[in-house]
Amino acid sequence: MVPKIHKRGKRTVGLLYYLYGKGTHEEHIDPHLVASWDNNAPDPGRDANATYKQLQQLLDQPLDNIDAADRPAKHVWHLSVRNAPEDRILSDEQWGDIARRMVAAAGIDDPDQGAGCRWAAVRHADDHIHIIATLVREDGYKPDLDHDAARVQAKARLLEAELGLRRLNKGDGTAAKRPTSAERHKAERLGKDRASREELRETVRRAVAGATSETEFFDRLAAAGVLIRKRVAPSGDLLGYKVALPDDRNEDQEPVFYAGSTLSPDLSLPRIHERWSGNTSSQDTGAPSDQATGPAPSGPATARRRAAAVAWQAVLVIDDGEDAQVAAHIAAAGEVLDALANTSAAHTRDQLREAAFAFERATRSHVKAERGHDRALRQAARDLVYSGPALGRGEDGATTAMLIDIAFFLVTAAAHWHAKKNHAQQAAAAREAAEHLRAAYQAAASVPLGVLYQRGRHLSQPLRHKQAAHLRAAVPELAEQILAEPGWYALAATLADAESLGHDPAALLAEAAERREMDTADSVSDVLVWRLRRMADLPADASTMPHHSSTTPTRRTTTPKASRSEGSGKAR
């Protein structure tokens, strides 16, 4: 349940005409009263003898009882109360009770305080009501509306529990503006899944992911096909921008433009400039400096491997870093998800888009991000964009699974951090993103893990027993659980692949297992497969590797450099 207090107005009858009218796009259905201050107000919606003027005069009557100098400049108070789309449809009686409890909570008309303001609640859709009130009480005094917005939000949380409605998390004022009822109805009429506001927000976020200049940002927007208006100062400096979808027109057939700041607080031009302020900073996540300043990778698979390495470093920062640094990394993680969704193959694209769309809410809080520390993550997003679309098979497909694996860990770490800070909406958004990543991982990993499974099944029995012995030596507390998992064969093949290149499997396993707790993983073998293949620099697509003999290769005496900085994501 979302209560929203709108800007105060001067004309009671003007708002009544809107509430009882057809709506901007004829979305209002059967407008009628569900409650009023005396339960006896005229209803122009269902009473042919009632008029807007009659209702307006009754609502405004308290104004006539006080001197003109004492009347508020804007006396019309307006509250809308909307349920979630998935909530059941409430009756008029239930909406009437909600209206009475809302005006009491706000301080408009509280029976326990004696005289109240006059008000009326109008319903013109299944999912919401509007409450209009005059801000002078019956006794001539003005109502106490201090913190009215917070009070109606608190009342909404109680009503959700009582009525079995979707339980919303407490907000902190950093969320992007939701589409209006008119915008949603318009999207439905046009056969779109999302309102123009949401579609544009997603497009702008993709355009800014990894971008380093205004020119690059606006070039990407233009390439995406949106219309752009720039606001330029007399000096020639760019002050802001607006965007529109070419097919979103108003009644005059003009494009409907949205300023970046109205799409999301962090998409205003000044806030976008803040992202670029760290481009020349020497501070980053601790990943090798060439990951922040070097050329773009030569292909999607390389970009995904590098992004996975940088993302793991970000997980460590989110776990143990300073708040300002953590906030920057979480914001930049959103750019990586946007870039990944924009460049992935069809079988994972929808779930990755939903993950990025959900995680957007987790990228903002009242903790100010300290830009510059996120440089490596933003470069990873840039690399993903410029490496081009990935195939759904081969090394591209397998490294996509590898990156989704660590991305799951990344957003889960963000969820934990937000939860510790009591950022309820952000934590919920990160958890939702994790579920979409879980689904995307299943789609991306099935083929490469299937290849590894078959390789493991075809290992000679002595070689498989040898890998099991390495497992028991390295992680004795998890060995029997892993050996019972279906993914054990894929892990055995990975250990054999690593050993064939001269690595010590037991040493790699021990290092991989200590990188992060393993006992909460749904599939420990999956976690270790991707972790080991990154650490040992093995191809993610094992079909390119030769089959194994029982010959023992000469082992390397040092652990590869990659193992010092890379880890794995949470298993599904």
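Colleague: How do you know which classes of residue line the largest cavity?

Modeller: This is a predicted model, and in it the lining of the largest cavity holds seven charged, two nonpolar and no polar residues. Asp, Glu, Lys and Arg count as charged, and the lining includes Glu 198, Arg 201 and Asp 338. Ala and Phe count as nonpolar, which covers Ala 356 and Phe 357 in that lining.

Colleague: Which element gives the most to that lining?

Modeller: That's α6, with four residues. Both α6 (196-208) and α13 (346-359) supply at least two. The space inside is about 60 Å³.

Colleague: And what makes up the lining of the second largest cavity, by class?

Modeller: Nine nonpolar residues, with no polar and no charged ones. Among them are Ala 311, Val 336 and Leu 403, and Ala, Val and Leu are on the nonpolar list. The elements giving two or more residues here are α12 (323-343) and α15 (394-420). This cavity has about 50 Å³ of space.

Colleague: On to the rings. How many aromatic pairs are there?

Modeller: Eight.

Colleague: What makes Trp 276 count as buried or exposed?

Modeller: Buried means under 20% relative accessible area. Trp 276 has 10%, so it counts as buried. Phe 217, at 0%, is buried by the same rule.

Colleague: Why do Phe 218 and Tyr 241 get their label as a pair?

Modeller: Their planes are at 80 degrees and their centres 5.8 Å apart, so this pair is edge-to-face. Phe 218 sits in helix α7 and Tyr 241 in strand β7 (residues 238-244), 23 residues apart. Both residues are buried. Together, Phe 217, Phe 218, Tyr 241 and Trp 276 form one aromatic cluster.

Colleague: Last one. How do you know that Arg 457 lies over the face of Tyr 489?

Modeller: The distance part asks for CZ of Arg within 6 Å of the ring centre, and Arg 457 is at 5.1 Å. Arg 531 likewise has its charged end over the ring of Trp 312, 5.9 Å from the centre.

Key
Residues are numbered from 1 along each chain as its sequence is written. This is a predicted model: local features need pLDDT of at least 70, side-chain atom pairs count only at pLDDT 80 or more; totals for chains, interfaces and linings use all residues. Side-chain values use heavy atoms; hydrogens and water are left out. On a 1 Å grid over the protein atoms alone, a cavity is a set of points where a 1.4 Å probe fits but cannot get out, and a pocket is an open set with protein on both sides within 12 Å along at least five of seven lines; lining residues have an atom within 4 Å of a point. Grid points are joined across faces, edges and corners, and a volume is the space filled by probe spheres set on the points. Rings of Phe, Tyr and Trp (its six-membered ring) pair if their centres lie within 6.5 Å; planes under 30 degrees apart count as stacked, over 60 as edge-to-face and the rest as tilted. Buried means under 20% relative accessible area, exposed over 50%, partly exposed in between (1.4 Å probe, protein chains only). A charge sits over a ring if NZ of Lys or CZ of Arg is within 6 Å of the ring centre and within 35 degrees of the ring normal.
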